[in-house]
Amino acid sequence: MMPAAIKKLENTPMYDPHLLEELDWTQNTATFSPAISPQDPGEGLVLRPLCSADINRGFLKVLGQLTETGIVSPQQFLENFEHMRSSGDYYVTVVEDTKLGAIVATATLVIEHKFTHSCAKRGRIEDVVVSGDCRGKQLGKLLMSTLTLLSKRLNCYKITLECLPKNVAFYTKFGYSVSEENYMYQRFFN
């Protein structure tokens, strides 16, 4: 028998789904053909916040098409999910194929609170991936447009992302431009 706390968590979205309904889609800068939107992402598809039950819907499998996910136990997933949800600064968004009961795309908006710019917020897009089976359905564009508008809705003064040079053209469709700053990193684990 599943503990009540975990059962409740399974039905809890990472963030308020109404935020997606309240987006002003007229401010979207990307073009979609055929037309799709957060409310109508395509036949049998639903765009929504990540729920903890998505661990059983292939969320990590899709994320693994982008980068190494490692071995994640259900307990680790639930603890990390709850940490991210309770912080209020993570907007992991997924597209679910309701016919398959499977996650087919995901992207994350992380809100960073700054002391600069009068204690403003900065949005950062992370982990944009569409399952290989669903590429070509504009789901990456849909996620990028949605999270860009969501960061604006959340009063971020800017939004950034990191990408490979080969992906720059894709991200310029959403109003992003290449920064003069160099991205540097130091890796501690693989």
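Is Phe77 buried or exposed? I looked up its relative accessible area, found 7%, and recorded Phe77 as buried (under 20% is buried, over 50% exposed, in between partly exposed, with a 1.4 Å probe and protein chains only).

I noted that this is a predicted model, in which local features need pLDDT of at least 70 and side-chain atom pairs count only at pLDDT 80 or more, while totals for chains, interfaces and linings use all residues. Residues are numbered from 1 along each chain as its sequence is written, and side-chain values use heavy atoms, with hydrogens and water left out.

I next looked up aromatic pairs and found five in the structure. Rings of Phe, Tyr and Trp (its six-membered ring) pair if their centres lie within 6.5 Å; planes under 30 degrees apart are stacked, over 60 edge-to-face, and the rest tilted.

One of the pairs is Phe59 with Phe77, edge-to-face at 6.1 Å centre to centre and 65 degrees between the planes. Because Phe59 lies in helix H3 (residues 59-63) and Phe77 in helix H4 (residues 74-87), the pair ties together parts 18 residues apart in sequence. I took helices as DSSP runs of H or I with at least four residues, numbered from the N terminus. Phe59 is also buried, at 7% relative accessibility.

I then examined Phe170 and Phe174: their ring centres are 5.2 Å apart and their planes at 70 degrees, so this pair is edge-to-face. Phe170 is partly exposed at 24%, whereas Phe174 is buried at 6%. Together with Tyr171, Phe170 and Phe174 form one aromatic cluster.

Lastly, I recorded that the charged end of Lys141 sits over the ring of Phe32, 4.8 Å from its centre (the criterion is NZ of Lys or CZ of Arg within 6 Å of the ring centre and within 35 degrees of the ring normal).

Notes. Helix = DSSP H or I, 4+ residues; strand = E, 2+ residues; numbered from the N terminus.
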